[in-house]
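This report concerns a single protein chain. Please consider the sequence and the structure together.

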Amino acid sequence: MGLHSDIFWVGRQWAVTGAGIQAVDQRLRGVLDIDIARLWNDAHVQSRRAKPGVNVEDFDKAVMMARERFPETPASAPFLAQLKALGVIEAPLVSPVVPAMHLRAEGKLARFLPQWRVRR
């Protein structure tokens, strides 16, 4: 897997990208990369930092830059429960979840179906 197209900072061994922290050396194939969702998990970050061959100064700088770029999102579930208990929220919240994609290919041969591709 190559580096993400959005590159915010590049060090000697690590880069802060739109995907999180990625190793500049792509021969590792993303084994040591840290995605944005796990950036604030200190145990996961420390496990990556303790790996042999990691440039600690560069890694710490990458973590600092990434945490500035992607601030921690607060867990809003307990907060919403408190608001509901206080009576502040009366209407149920609507979740902005995208509906699941339904494929309609039953009883058809795959070679005659139109091809599609997700473009970036």
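The model is predicted: local features require pLDDT of at least 70, side-chain atom pairs count only at pLDDT 80 or more, and totals for chains, interfaces and linings use all residues. Residues are numbered from 1 along each chain as its sequence is written, and side-chain values use heavy atoms, with hydrogens and water left out.

**Overall fold**

The protein chain contains three helices and four strands, in the order β-β-β-β-α-α-α from the N terminus. These elements are DSSP runs numbered from the N terminus (helices: H or I, at least four residues; strands: E, at least two). Of the 120 residues, 21% count as buried; buried denotes under 20% relative accessible area, exposed over 50%, and partly exposed in between (1.4 Å probe, protein chains only). The accessible surface is about 9800 Å², and carbon and sulfur atoms account for 57% of this area. Accessible areas come from the Shrake-Rupley method with a 1.4 Å probe; for residues, only the protein chains shown count as cover.

**Helix α2**

Helix α2 spans residues 56-69, 14 residues in total, and extends 20 Å from its first C-alpha to its last, close to the 20 Å expected at 1.5 Å a residue. That expectation is 1.5 Å times one less than the number of residues. D58, F59, A62, V63 and A66 are the buried residues of α2. Viewed down the axis of α2, they fall within an arc of 135°, so they line one face of the helix; the arc is that of the directions from the helix axis to the C-beta atoms. These buried residues pack against β1, β2 (14-17), β3 (20-23), β4 (34-35) and α1 (42-49). On the other side of α2, E57 and E68 are exposed.

**Salt bridges**

The structure holds two salt bridges, each defined by a side-chain nitrogen of Lys or Arg within 4 Å of a carboxyl oxygen of Asp or Glu.

| Pair | N to O distance |
|---|---|
| R67 and D42 | 2.8 Å |
| R49 and D60 | 2.8 Å |

R67 in helix α2 and D42 in helix α1 are 25 residues apart. R49 lies in helix α1 and D60 in helix α2, so this pair ties together parts eleven residues apart in sequence. R67 is partly exposed at 21% relative accessible area, as is D42 at 48%.

**Surface patch**

L3, I7, V10 and V24 form a nonpolar surface patch with about 280 Å² of accessible area together. Patch residues have over 30% relative accessible area and no salt bridge; like charges are joined within 9 Å and nonpolar side chains (Val, Leu, Ile, Met, Phe, Trp, Tyr) within 5 Å. I7 lies in strand β1 (residues 7-10) and is partly exposed, with a relative accessible area of 42%.

How values were computed. Contact means heavy atoms within 4.5 Å.
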